[in-house]
Amino acid sequence: MEPPRVVLVMGVSGSGKSTVGSLLATELGWKFYDADDYHPEENRKKMGKGIPLNDQDRIPWLCNLHDILLRNISSGQSVVLACSALKKIYRNILIRGEGATTQGYDEPGEKGFPELKPLVVYLNGSFEVISGRLAKRKGHFMPPELLQSQFDTLEPPSAPENFLSLNVDRSVSEIIYFIVDNIKIK
Ligand SMILES: Nc1ncnc2c1ncn2[C@@H]1O[C@H](COP(=O)(O)OP(=O)(O)O)[C@@H](O)[C@H]1O
Ligand SMILES: O=C(O)[C@H](O)[C@@H](O)[C@H](O)[C@H](O)COP(=O)(O)O
């Protein structure tokens with residue numbers, strides 16, 4: 001049997017993480033988690049007031065998501081996670097848990113636990129395209145004014161991260177096709 005896998009769909013607000021992540025999970029028959037659903041109330045209120053989150057706000061949220069990923073992988077369940085994961089240290093926390101705040105990228109994670117080695121799908125796009133999409137999006141707590149701070153915080157994935165960078169100018173179905181194709185050949 002194939003070992004369980006994780007795909008992390010990341011990018012700034014409005015890059016298409018929730019849209020691509022949920023359809024991808026359906027296509028693959030994997031479980032889908034949207035990190036937005038796991039923000040504590042304080043984080044939602046802060047973003048709702050137009051104040052960007054900082055490391056202190058994000059680290060406990062990311063640690064909780066790490067635990068969720070680990071539980072799924074330990075029970076043999078493959079997962080797609082849509083999460084902004086803007087900085088490299090945030091992605092490292094998703095993979096390795098709280099210890100990642102003091103560990104280097106290549107140091108071993110928690111002993112006795114299966115290692116999470118996600119495929120990181122980075123949805124990249126210009127400020128203009130993404131802000132245009134956010135301006136049209138209805139009923140979401142994230143104010144479009146926070147987009148610049150998201151770009152300022154963003155650290156795109158780089159080696160040795162296992163990543164795929166896809167431009168959001170492509171259609172959602174094309175993006176999903178590329179991801180599924182990449183998963184099949186690995
Ligand atoms: N590749 C795409 N092409 C056109 N519109 C898209 C694409 N991806 C997402 N969208 C639209 O852009 C908006 C933001 O997408 P969403 O999935 O909510 O982003 P995120 O979860 O990253 O904030 C939504 O209205 C969605 O329908
Ligand atoms: O780390 C953060 O600052 C947040 O996670 C942020 O990046 C995320 O984008 C919001 O939760 C809004 O949700 P959307 O990404 O769905 O707009």
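Helices, of at least four residues, and strands, of at least two, are taken here as DSSP runs numbered from the N terminus. In this predicted model, Leu86 is placed by that numbering in the loop between S3 and H4. Leu86 counts as buried because 22 C-beta neighbours lie inside 10 Å, where 20 or more are required. When residues up to four places away in sequence are left aside, Leu86 touches Gln150, Thr153, Leu154 and Glu155. The C-alpha atoms of Leu86 and Asp34, which stand 52 residues apart in sequence, are 15 Å apart in space.

The loop between S3 and H4 also holds Ala85, whose phi is near 40°, a positive value in a residue other than glycine. Most residues other than glycine have a negative phi, and most peptide bonds are trans. Ala85 is likewise buried, because 29 C-beta neighbours are found inside 10 Å. A cis peptide bond, with omega about 10°, joins Ala159 and Pro160, and Pro160 is located in the loop between helix H6 (147–153) and strand S5 (163–167).

Two ligand sites were examined. Ligand 1 is surrounded by 16 residues, of which Gly16, Lys17, Ser18, Thr19 and Arg133 are the closest. At least two residues of this shell are supplied by each of helix H1 (17–28) and helix H7 (172–185), and the largest share, 3 residues, comes from H1. By residue class, the shell around ligand 1 consists of 4 nonpolar, 8 polar and 4 charged residues. Around ligand 2 the residues are Ser13, Gly14, Lys17, Ser18, Asp36, His39, Leu53, Arg58, Ser84, Leu86, Met142 and Gln150, and these divide into 3 nonpolar, 6 polar and 3 charged.

The interior was considered next. In soluble globular proteins, nonpolar side chains tend to be buried together. The largest nonpolar core of the model contains 41 residues, and those touching the most other members are Leu8, Val9, Leu69, Leu81, Cys83, Leu94 and Val121. At least two residues of this core are supplied by each of strand S1 (6–10), H1, helix H3 (55–74), strand S3 (79–82), helix H4 (88–96), strand S4 (119–124), helix H5 (127–136) and H7. Val9 touches Lys17, Val20, Gly21, Val80, Ala82, Val121 and Leu123, with residues up to four places away in sequence not counted.

Two packed helices are described by the angle between their axes and the distance between the axes. H3 and H4 pack at an angle of about 35°, their axes lying 7 Å apart, and the crossing is right-handed. In this contact Arg58, Ile59, Leu62, Cys63, Leu65, His66 and Leu69 of H3 meet Tyr90, Ile93 and Leu94 of H4; the residues involved comprise 8 nonpolar, 1 polar and 1 charged.

In helix H5, Ile130 is buried, because 23 other C-beta atoms lie within 10 Å. Ile130 touches Val12, Gly14, Ser15, Gly125, Leu147 and Val168, again not counting residues up to four places away in sequence. The C-alpha atoms of Ile130 and Pro144, 14 residues apart along the chain, are separated by 9.5 Å.

Notes: Residues numbered from 1 in each chain as written. Chains lettered and ligands numbered in written order. Predicted model: local features only at pLDDT ≥ 70, side-chain atom pairs only at ≥ 80, totals over all residues. Near = placed C-beta within 6 Å. Nonpolar A, V, L, I, M, F, W, Y, C, P; charged D, E, K, R; others polar. Core = buried A, V, L, I, M, F, W, Y, C linked by C-beta atoms within 7 Å. Buried ≥ 20, exposed ≤ 12 C-beta atoms within 10 Å, placed from the backbone. Contact = placed C-beta atoms within 7 Å. Axes fitted to C-alpha atoms, helices over the stretch in contact; angles between N-to-C directions. Left-handed = near helix turned anticlockwise from the far one by under 90°.
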